[in-house]
Amino acid sequence: MSRPIRRIFVVLALLRLVLLLTAVSAQAAGRAECRSVPSKILGHPVPYCVLLPPSYDADQARRYPVLYFLHGLGQNEQALLDSGGWSLIQDMWDQKQIGEFLIVAPDGDRSFFINSGDGRKRYEDFFIEEFLPFIESHYRTRAGRRSRGVTGVSMGGYGALHLALRHGDLFGSVSAHSAALIANLPQGNVDSSGAVAISRALGGAFGSPFDRAFWDRNSPFTLVRNGPSPAGLQIYFDCGTEDDYGFNRGAQAFHDLLLSRHIPHEFHLYPGGHDLSYFAEHLPASLEFQSKALGAAPPAK
């Protein structure tokens with residue numbers, strides 16, 4: 001065989017190797033896709049992003065647990081993609097720190113993931129009656145509450161706790177970072193300027209001006225005090241000790257309430273404020289918590 005022909009064969013062999021390694025790498029990586037779900041309840045499509053684990057495309061017979069991620073006020077369904085959370089999750093899959101499960105993030109606008117007090121924006125109804133069935137019929141998810149978790153940041157942390165406590169038959173685990181928990185709102189009637197200020201801070205989800213009675217009915221504090229004990233619900237939440245909105249005080253009070261009701265949970269106060277660096281630092285802890293709770297143990301290293 002002449003030297004030029006031998007070189008051609010070597011080049012072809014190297015190209016095949018590169019293509020093979022590229023294919024293996026593609027199979028080993030997860031992927032994200034962003035689409036929308038139609039909604040009769042809300043009257044418009046709702047965007048969402050889903051993060052699919054590394055083996056999802058290759059193993060067509062496998063079904064996966066699902067974790068619903070709820071974003072903070074002013075964000076949208078692409079919060080994890082925009083903030084670098086997707087890269088962090090990919091690294092955790094690569095390092096086998098977490099098992100494989102779907103992560104689904106819907107756009108919640110400024111709803112706090114609840115039904116509005118005036119009934120015009122029934123986000124909670126949409127989420128429970130339309131969004132969950134849509135996702136779990138269009139993606140290969142495991143059935144049952146033990147394979148379904150919900151998590152969130154700030155506004156989304158409030159939403160996650162609210163949904164998990166209100167719908168314990170649907171969720172087996174909940175986690176939250178810097179949840180918008182307020183234990184001690186001003187007592188009595190709030191004057192008009194104070195009501196407007198609170199309404200703005202909470203995105204208008206609780207009425208404009210602020211409706212104290214509506215807030216109280218939906219509060220995770222009220223759901224724990226007046227509702228049934230969340231049997232079997234695995235709970236994790238944390239907050240920064242210098243939280244800009246004082247949510248650390250609400251988190252401590254919520255921890256104390258759960259203790260008084262003998263409700264098992266995991267709670268942490270860490271140094272930090274209400275910002276992206278705090279969320280990024282502590283997101284791995286809640287993902288590891290959810291991985292275990294969802295029965296998605298990582299493979300042995």
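Let me begin with Gly-108, which sits in the loop between strand S4 (102–106) and helix H4 (123–138). Helices (H or I, at least four residues) and strands (E, at least two) are DSSP runs here, numbered from the N terminus. The model is a predicted one, in which local features need pLDDT of at least 70, side-chain atom pairs count only at pLDDT 80 or more, and totals for chains, interfaces and linings use all residues. Residues are numbered from 1 along each chain as its sequence is written, and side-chain values use heavy atoms, with hydrogens and water left out.

Is Gly-108 buried or exposed? Gly-108 counts as buried because its relative accessibility is 0%; buried means under 20% relative accessible area, exposed over 50%, and partly exposed in between, with a 1.4 Å probe and protein chains only. Beyond residues up to four places away in sequence, Gly-108 touches His-71, Phe-113 and Tyr-123, where contact means heavy atoms within 4.5 Å. Its C-alpha atom is separated by 7.5 Å from that of Glu-77, 31 residues apart along the chain.

Pro-53 is buried, at a relative accessible area of 2%. The C-alpha atoms of Pro-53 and Glu-100 are separated by 5.5 Å, although these residues are 47 residues apart along the chain. With neighbours within four places in sequence set aside, the contacts of Pro-53 include Gly-30, Trp-93, Glu-100 and Leu-102.

I turn now to the interior. In soluble globular proteins, nonpolar side chains tend to be buried together. The largest nonpolar core has 59 residues, and Tyr-68, Phe-127, Phe-131 and Phe-206 have the most contacts inside it. Helix H4 supplies the largest share of this core, 8 residues. By nonpolar core I mean a set of buried Ala, Val, Leu, Ile, Met, Phe, Trp, Tyr and Cys residues joined through side-chain atoms within 4.5 Å. A second, separate core has 21 residues, among them Ile-89, Tyr-278, Leu-283 and Leu-294. Outside four places in sequence, Tyr-68 touches residues including Val-104, Phe-127, Phe-131, Arg-148 and Phe-171.

Next, the aromatic rings. How many aromatic pairs does a search of the whole structure find? The search finds 24. Rings of Phe, Tyr and Trp (its six-membered ring) pair if their centres lie within 6.5 Å; planes under 30 degrees apart count as stacked, over 60 as edge-to-face and the rest as tilted. Tyr-48 and Phe-131 form an edge-to-face pair, at 5.9 Å centre to centre with 70° between the planes. Tyr-48 lies in strand S2 and Phe-131 in helix H4, so this pair ties together parts that are 83 residues apart in sequence. Both Tyr-48 and Phe-131 are buried. Phe-131 also pairs with Phe-126 in a tilted arrangement, at 5.8 Å centre to centre and 40° between the planes. One aromatic cluster includes Tyr-48, Tyr-68, Phe-113, Tyr-123, Phe-126 and Phe-131.

Ser-175 counts as buried, at 0% relative accessibility. Its side chain is joined to that of Gln-290 by a polar contact of 2.9 Å. A polar contact is a pair of N or O atoms within 3.5 Å; within protein, one must be able to donate a hydrogen and the other to accept it, and residues adjacent in sequence count only if both atoms are side-chain atoms.
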